[in-house]
Amino acid sequence: MAAFGRDLGDGCMLTLRDLTTVEPLHDLVVANLDRLRAAEPWAWQDQSVETIAMHTEHLLGQYAMDRSLPCVIRSDDRVVGAASLAFDPYLGQASLGWWIDAGLEGRGIVRRAATVLIGVARARGCARVEIRTAVDNVRSRGLAERLGFVHEGTLRSAMPLGPRRVDVAVYGLVL
């Protein structure tokens, strides 16, 4: 596998997620677990080092098959978040997702990481990129709109968040 890395400025980098990122990601997830559970279905699952390692191995398998680009966001070489693309070669599109440590929100780091990943999707010839987020996730919805995505609709009760289901806003960017 070829290494992936992009400078995001201000001491931040977007790099490929790998097994060396498992423990720092685990610590970061645990530190942000309450806020992640408000927006991410996966945050309701077991968040042990072992399960994060298994998920990372799965993502790296998808990367090896050219189906995803799973990344971590680093600030001064410390893992502070994650951003990824999942490719659908049959539809010619990609799905974009991200999250970052609460203490770094609002600094433009995720916007820069998302912009890099949109550029990757464009370079691969994807026709569109899609973002799906909980309707209540105002920060992610705002970022999607600032990135030029258009709200295309709402899927009712489409996302499980622990014991409840929430509506999902679907955003698209035609490349």
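Axes here are lines fitted to C-alpha atoms, for helices over the stretch in contact, and angles run from 0 to 180 degrees between N-to-C directions. With that in hand, the axes of helix 1 and helix 3 come within 9 Å and cross at roughly 120°. This is a predicted model, in which local features need pLDDT of at least 70 and side-chain atom pairs count only at pLDDT 80 or more, while totals for chains, interfaces and linings use all residues. Residues are numbered from 1 along each chain as its sequence is written, and side-chain values use heavy atoms, with hydrogens and water left out.

- Helix 1 covers residues 22–31; helices (H or I, at least four residues) and strands (E, at least two) are DSSP runs, numbered from the N terminus.
- Val-22, Leu-25, His-26, Leu-28 and Val-29 of this helix are buried, meaning under 20% relative accessible area, where exposed is over 50% and partly exposed lies in between (1.4 Å probe, protein chains only).
- These buried residues pack against helix 2 (33–37), helix 3 (49–64), strand 3 (68–75), strand 4 (78–88) and strand 5 (93–100).

**Helix 1 against helix 3**

- The two helices are oblique to each other, as angles under 35 degrees count as roughly parallel, over 145 as roughly antiparallel, 65 to 115 as roughly perpendicular and the rest as oblique.
- On the helix 1 side, Val-22, Glu-23, Leu-25 and His-26 make the contact, and on the helix 3 side Val-49, Ile-52, Ala-53 and Thr-56 do; contact means heavy atoms within 4.5 Å.

**Thr-15 in strand 2**

- Thr-15 sits in strand 2 (residues 12–16) and is buried, with a relative accessible area of 15%.
- Its side chain makes a polar contact with the side chain of Arg-74 at 2.9 Å; such a contact is a pair of N or O atoms within 3.5 Å, and within protein one must be able to donate a hydrogen and the other to accept it, with residues adjacent in sequence counting only if both atoms are side-chain atoms.
- Not counting residues up to four places away in sequence, Thr-15 touches Phe-4, Gly-5, Pro-70, Cys-71, Val-72 and Arg-74.

- Asn-137 is found in the loop between strand 6 (128–134) and helix 5 (138–146), and counts as buried at 19% relative accessibility.
- The side chains of Asn-137 and Thr-133 are joined by a polar contact of 3.3 Å.
- Arg-111, in helix 4 (residues 109–123), counts as partly exposed at 39% relative accessibility.
- Arg-111 touches Leu-143 and Leu-147, not counting residues up to four places away in sequence.
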